[in-house]
Amino acid sequence: MRIVYKVLAYAVAVEVAVQAAAIVLAIAGLGKWVSDGNVFDKAVMESDGLPFPEIVGLIVHGINGGMVIPVIALLLLIVSFFARIPGGVKFAAFVLVLVAVQAMLGYTGHDLPWAGGLHGLNAMALFAVALHAARRARPVAAEAPASAAV
């Protein structure tokens, strides 16, 4: 179970990195698309089409952040009860709380843009806590053998 805990914790960190890459891909693509003379307005946002190829970054960011990461974080917390890692439950709970805050900030950012700044900062905290949780799952060091008396 220690290995499962470690893999899940690292998976959260990797997914946070994927989130950053996906959103930057989308924003860079949007910038290029607008520079090419296109207009990004409400009609484009509500259309079913893909106005530029990099918009897939927004799709990945939404699915990953709305479903994939929360499921991994929940599984991490469940596994933490069986992994017997010192502080494992506490850090798995921290990860899940940060994921919940991240989702709340992400959805709030649609109405309150300043929440987007907190969304980015919270992502860095989530990345760090997930890495710390994974590192806690190191194998337990075996006791050193007693030295022979001379």
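1. A pocket here is an open set of grid points where a 1.4 Å probe fits, with protein on both sides within 12 Å along at least five of seven lines. The model is predicted. In its largest pocket lies about 1,100 Å³ of space. The lining comprises 40 residues. Nearest the centre of this pocket are Ile23, Leu58, His61, Gly62 and His110.

2. Which helix gives the most to the lining of the largest pocket? H1 does, with nine residues. At least two lining residues come from each of H1, helix H2 (42-46), H3, H4 and H5.

3. His61 deserves a look of its own. This residue lies in helix H3. Its relative accessible area is 18%, so His61 is buried. Leaving aside residues up to four places away in sequence, His61 touches Gln19, Ala22, Ile23 and His119. Of the residues nearest the centre of the largest pocket, His61 is one.

4. Next, H1. This helix has 34 residues. From its first C-alpha to its last it reaches 50 Å, close to the 50 Å expected at 1.5 Å a residue. Just after H1 comes Gly37, with a positive phi of about 100°. Ala17 sits in H1. Its relative accessible area is 41%, so Ala17 is partly exposed. Ala17 and Gly62 are 45 residues apart along the chain, and their C-alpha atoms are separated by 14 Å.

5. Now the aromatic residues. How many aromatic pairs does a search of the whole structure find? It finds three. Trp33 and Phe40 make an edge-to-face pair, 6.5 Å centre to centre with 85° between the planes. Trp33 is buried, because its relative accessibility is 13% and the cut-off is under 20%. Phe40 is partly exposed at 32%. Together with Phe52, Trp33 and Phe40 form one aromatic cluster.

6. Another pair sits within a helix. Phe91 and Phe94 both lie in H4 (residues 88-108), three residues apart, which is about one turn of the helix. An α-helix has 3.6 residues a turn, so residues three or four places apart point the same way. The ring centres of Phe91 and Phe94 are 5.4 Å apart and their planes stand at 90°, so this pair is edge-to-face. Phe94 is partly exposed, at 41%.

7. H4 as a whole is next. Its 21 residues should span 30 Å at 1.5 Å a residue, and its end C-alpha atoms are 30 Å apart, so the two values agree. The buried residues of H4 are Gly88, Phe91, Ala92, Val95, Leu98, Val99, Gln102 and Leu105. Viewed down the axis of H4, they fall within an arc of 145°, so they line one face of the helix. What do these residues pack against? Their partners are helix H1 (2-35), helix H3 (56-83) and helix H5 (114-135).

8. With 22 residues, H5 should span 32 Å at 1.5 Å a residue; its end C-alpha atoms are 33 Å apart, which agrees. Buried in H5 are Ala115, His119, Asn122, Ala123, Leu126, Val129, Ala130, Ala133 and Ala134. Down the axis of H5, these buried residues fall within an arc of 145°, so they line one face of the helix. H1, H3 and H4 are among what covers them. Trp114, Leu121 and Met124 are exposed on the face of H5 turned away from its buried side. His119, one of the buried residues of H5, is also a contact of His61.

9. Last, the loop between H3 and H4. Arg84 is found there. Its phi is near 55°, a positive value in a residue other than glycine. Most residues other than glycine have a negative phi. Is Arg84 buried or exposed? It is exposed, at 76% relative accessibility. Pro86 is in the loop between H3 and H4 too. Its relative accessible area is 56%, so Pro86 is exposed. Pro86 and Arg136 are 50 residues apart in sequence, yet 7.3 Å apart in space, C-alpha to C-alpha.

Key. Residues numbered from 1 in each chain as written. Predicted model: local features only at pLDDT ≥ 70, side-chain atom pairs only at ≥ 80, totals over all residues. Heavy atoms only, no water. Phe/Tyr/Trp six-rings, centres within 6.5 Å; stacked < 30°, edge-to-face > 60°. Buried < 20%, exposed > 50% of the residue type's maximum accessible area, 1.4 Å probe, protein only. Helix = DSSP H or I, 4+ residues; strand = E, 2+ residues; numbered from the N terminus. Expected span 1.5 Å × (residues − 1). Arc of directions from axis to C-beta. Contact = heavy atoms within 4.5 Å. 1 Å grid on protein atoms, 1.4 Å probe; cavity = no way out; pocket = protein on both sides within 12 Å on 5 of 7 lines; lining within 4 Å. Points joined across faces, edges and corners; volume = space filled by probe spheres on them.
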